[in-house]
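Thanks for coming, everyone. Let me put the structure up and walk you through it.

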Amino acid sequence: MKNLRLKAARAGKDLSQQALADLVGVSRQTIAAVEKGDYNPTINLCIAICKALDKTLNDIFWED
Amino acid sequence: MSILIQVLFLAIIVVSLVWGYKRSQDNHQYDERQELLQNRGYRYATYAMFLTSAAAVLFGEELSRLLNVSLVALVIMLAGLVTYVFYAVLHDAYFPLNKNNKLVSAGLLAFLALIQLLVVVKNLLNHSFSAYNGGMNLLLFAAFTIILIVILYKKHLDKKEAKE
């Protein structure tokens, strides 16, 4: 399932996939895969993404 | 002479092990998704080597007319290598995070493939081509060319994706 909240939060911070990838120390393709729902990140990567975007885990990764 | 080759072989093994150990210590080269996919690539490479080995046993008689034992071993190793590289490149797990100049790798592969091709052509022109004379070069040329094509194809896909 696509993670549109991650995409929206990234766009809200005016960050490209590459910029976010550089901030969290992964490849651009990994960020793209998380957004597309092709890859389930580890909790460490989830936390790193949330910190980079100033969001909580619930904001980005919790399904309602 | 054979002792020299054995010592050289052992030296290559030791250097490879030390290099591999040092690389494994540097955990910032690949991210978690890349490592996961690389491990999957190694698994598929193992399956490919099992299948090639089984085929070599099943069709041993037919193969012995075309290839010698060392070439069959090379085919098995190349099947594993090409499978791993094919899978890792197509899933963006082949190049380390900070490696931007992927075309350098493609250039190096093209150079290696060209050298192998020159040896094959030279043997063909001299009418001396056989499994023992140039056969290994033909197999290496095929493997390097396949890997090169996959890298260039992936580069093309990345460009297309960036435009979108």
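Buried means under 20% relative accessible area, exposed means over 50%, and partly exposed lies in between, using a 1.4 Å probe and protein chains only. This is a predicted model, where local features need pLDDT of at least 70, side-chain atom pairs count only at pLDDT 80 or more, and totals for chains, interfaces and linings use all residues. Residues are numbered from 1 along each chain as its sequence is written, chains are lettered from A and ligands numbered from 1 in the order in which they are written, and side-chain values use heavy atoms, with hydrogens and water left out.

Chain A, then. Five helices, zero strands. Helices here are DSSP runs of H or I, at least four residues, and strands are runs of E, at least two, numbered from the N terminus. The order is α-α-α-α-α. The radius of gyration, taken over C-alpha atoms, is 10 Å for chain A, close to the 11 Å that the globule rule gives for 64 residues, so chain A is as compact as a globular protein of that length. That rule is 2.2 Å times the number of residues to the power 0.38. Of the 64 residues in chain A, 44% are buried. The C-alpha box is roughly 30 × 20 × 20 Å along the principal axes.

Now chain B. Is B:L118 buried or exposed? B:L118 has 56% relative accessibility, so it counts as exposed. It sits in helix α5 of chain B, residues 102-125.

That's my tour. Over to you.
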